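Thanks, everyone; I would like to walk through one structure this morning, beginning with a single residue and then widening the view to the sheet and the core. Please have the sequence and the coordinates open while I talk.

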Amino acid sequence: MSGLQISSAVTLPMEEIEITAIRAQGAGGQHVNKVSSAIHLRFNIASSSLPEFYKQRLTRQRDSRISNEGIIVIKAQRFRSQDKNRSDALERLQDLIRSAAATQKTRRPTKPTRSSKKKRVDGKTRRGKVKSLRGKVRDRDS
């Protein structure tokens with residue numbers, strides 16, 4: 001694999017991604033203590049060849065996988081195979097970088113319609129009547 005394809009114009013060289021095999025956590029029996037099937041992926045945003053646009057967006061993102069130093073840390077241990085975990089970690093890195101490029105649609109506030117206001121008030125009135133009927137008979141005004 002020569003690089004990680006982010007978009008049609010942006011490809012990330014694999015040399016910039018540090019991948020380490022570690023032992024997976026959790027239960028697993030005898031085999032789990034001998035095999036390093038989990039993957040620990042580290043990616044430094046600042047020293048990468050990503051365009052400035054991506055770097056700025058990624059460092060501004062509030063994500064637990066991005067450290068204060070600007071290093072993305074992804075731990076993949078979903079699968080029992082090291083190869084599957086490696087491809088899973090790379091896919092998650094790809095998704096994270098792509099999500100930084102996506103721009104959210106600006107929200108345009110709208111006013112409630114006349115009928116929706118009427119429905120809301122009618123519902124409140126109905127609910128108030130139900131609650132008033134729960135009281136003692138002498139407390140009722142009708």
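This is a predicted model: local features need pLDDT of at least 70, side-chain atom pairs count only at pLDDT 80 or more; totals for chains, interfaces and linings use all residues.

Let me begin with N85, which is found in helix α2, residues 82–101; helices here are DSSP runs of H or I with at least four residues, strands are runs of E with at least two, and both are numbered from the N terminus. Residues are numbered from 1 along each chain as its sequence is written, and side-chain values use heavy atoms, with hydrogens and water left out.

Is N85 buried or exposed? N85 is buried, because its relative accessible area is 0%, where buried means under 20%, exposed over 50% and partly exposed in between, with a 1.4 Å probe and protein chains only. If we set aside neighbours within four places in sequence, N85 is in contact with S37, A38, I39, A76, Q77, R78 and F79, contact meaning heavy atoms within 4.5 Å.

Turning to the sheet, we have an open arrangement of three strands in the order β3-β4-β5, with antiparallel pairing, and two strands count as paired if DSSP finds at least two bridges between them. The edge strands, each pairing on one side only, are β3 (17–22) and β5 (71–76). Six bridges join β3 to β4, residues 38–44; within that pairing, A21 has I39 as its bridge partner, and T20 stands opposite H40. β4 and β5 also pair over six bridges in the antiparallel sense, with L41 partnered by I74 in β5.

Finally, the core. The largest nonpolar core has 23 residues, and among those with the most contacts inside it are F43, I72 and L93; such a core is a set of buried Ala, Val, Leu, Ile, Met, Phe, Trp, Tyr and Cys residues joined through side-chain atoms within 4.5 Å. At least two residues of this core come from each of β4, α1 (52–60), β5 and α2, and α2 gives the largest share, six residues. Leaving aside neighbours within four places in sequence, L93 is in contact with L4, L12, I17, L41, F43, I72 and I74.
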